[in-house]
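Trainee: I'd like to learn how to read a protein model. Could you walk me through one?

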Amino acid sequence: MTASRKIVALIVAAGQGNRAGGDAPKQFRIVAGKPVLAHAHDALAAHGRIDAIHVVLGEGQAETARALLGDRAAAFVTGANSRRGSVRAGLEAIAAAGGADIVLIHDAARPFLPGAAIDRLLAALDQDEGAIPVLPVADTLVRGVDGVMGQGVDRAGLHRVQTPQAFRFESILAAHRAWDDAREATDDAQILRAWGRDVMMVPGDERLEKLTYPQDFARAEARLAMACTTRVGMGYDVHRLAPDEELWLGGILVPHDRGLAGHSDADVALHAIVDALLGALAEGDIGSHFPPSDPQWRGASSDRFLAYARDRVTARDGRIEHVDLTIICEAPKIGPHREAMRARIAEILAVPVDRVSVKATTTERLGFAGRREGIAAQAVATLSLPALS
Ligand code: MG
């Protein structure tokens, strides 16, 4: 059900950013070779569930933004003098463009947005009308007057609020329209709350820290320079060939006089890839996530096991660089099905097909594969994971 919701992101990039130093507003400054706004855009676009991105800009900034974003797809909206007014303009533009079920309202100045943070917000919206990412306050808090320490502030129950903030679209639009224009609000969650709705808090992420001061940009450069770590995992699986079974192999139905037997559809190739992905994550094996003893996996399509493994990679903010599969059997011939298998595996993994290799070999009629008693598969998966994860 949730997969069919229309999810639109609204990036607020209308600020002048004068505390960050430099000539350009901070959303247009370059960090690690890419404009801050483009980092924010790409983080949202990389999340598979976001359907469209709208960007709110200050008066006269559209040309700069278009140049910096290049080919990236985004609709531009002209904002207002306040953040609240800019968000309102963005929401009205989304409504005029056909509306949405969910909107993620995000500040361009928080460009490093992990996919897992978006997942947590969207999950909260299954139940609630608004959700915000927060971090606990670890430091002691005090009030100060003219440089002199005053009373301590009890930090129990205090949180630092980040963006994106996620809302049911119709609710936040109505809340903004009902807001008293004479008052200001520093974020949209306050506006939904004032409209009488609860806002759920989900765990935020340190990487979502706002770029405000010059040293924030230097820290972001250093963090990105640490780049990613490469992980390699391997998987191996065997299933028995039996009469009266369909042969599901590499995610497709292959015509053959026998099929693979097992507790699921026994797609030995997808199982090997699942184990390779889980291995690269060091998160156990397919049997520990989908126990053969569990009747709900009987006859299950292995597509869902592979989609699950892909989601585990996404949850770690990882990226699947490459999958190399070898199918070991005497028959059927794999060659005629190779491209269909590659296409299907790439589709499930949500990667370009040139990242998926499918190979096949026989065993010269030796052993169980050679006697056509079963099919074996082995896979190697290469992932990139954030060095900080
Ligand atoms: Mg298996």
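Trainee: Let me start with a pair of helices: is the crossing of α3 and α5 left-handed or right-handed?

Mentor: The crossing of α3 and α5 is left-handed. A crossing is called left-handed if the near helix is turned anticlockwise from the far one by less than a right angle, and right-handed if clockwise. Before we go on, this is a predicted model, where local features need pLDDT of at least 70, side-chain atom pairs count only at pLDDT 80 or more, and totals for chains, interfaces and linings use all residues. Residues are numbered from 1 along each chain as its sequence is written, and side-chain values use heavy atoms, with hydrogens and water left out.

Trainee: How many helices and strands are there in the protein?

Mentor: Helices (H or I, at least four residues) and strands (E, at least two) are DSSP runs, numbered from the N terminus. The protein has 12 helices and 19 strands. Its C-alpha trace spans about 85 × 45 × 40 Å along the principal axes.

Trainee: How do I describe the packing, and at what angle do α3 and α5 pack?

Mentor: Two packed helices are described by the angle between their axes and the distance between the axes. Axes are lines fitted to C-alpha atoms, for helices over the stretch in contact, and angles run from 0 to 180 degrees between N-to-C directions. Here, helix α3 (residues 83-96) and helix α5 (residues 169-178) pack at about 130°, with axes 10 Å apart. That makes α3 oblique to α5. Angles under 35 degrees count as roughly parallel, over 145 as roughly antiparallel, 65 to 115 as roughly perpendicular, and the rest as oblique.

Trainee: Which residues in α3 and α5 meet?

Mentor: Contact means heavy atoms within 4.5 Å. From α3 come Arg84, Val87, Arg88, Leu91, Glu92, Ile94 and Ala95, and they meet Phe169, Ile172, Leu173, His176 and Arg177 in α5. The residues of this contact of α3 with α5 divide into 7 nonpolar, 1 polar and 4 charged. For those classes, Ala, Val, Leu, Ile, Met, Phe, Trp, Tyr, Cys and Pro count as nonpolar, Asp, Glu, Lys and Arg as charged, and the others, Gly among them, as polar.

Trainee: How do α8 and α10 cross?

Mentor: The axes of α8 and α10 come within 9 Å and cross at roughly 15°. That makes α8 roughly parallel to α10. The crossing is left-handed. By class, this contact of α8 with α10 has 10 nonpolar, 1 polar and 3 charged residues.

Trainee: And at what angle do α10 and α11 pack?

Mentor: About 50°, with the axes of α10 and α11 8 Å apart. These two helices are therefore oblique to each other.

Trainee: How many residues does the largest nonpolar core have?

Mentor: A nonpolar core is a set of buried Ala, Val, Leu, Ile, Met, Phe, Trp, Tyr and Cys residues joined through side-chain atoms within 4.5 Å. The largest one here has 47 residues, and Leu249, Leu277 and Ile327 have the most contacts inside it. Helix α8 gives the most to this core, with 11 residues. A second, separate core of 31 residues includes Ile7, Ala13, Phe28 and Ala38.

Trainee: What is phi of Glu364?

Mentor: Positive, about 55°, although Glu364 is not a glycine. Glu364 is exposed, with a relative accessible area of 65%. Arg372, also a residue other than glycine, has a positive phi near 60°. Arg372 is partly exposed, at 40% relative accessible area.

How values were computed: Buried means under 20% relative accessible area, exposed over 50%, partly exposed in between (1.4 Å probe, protein chains only).
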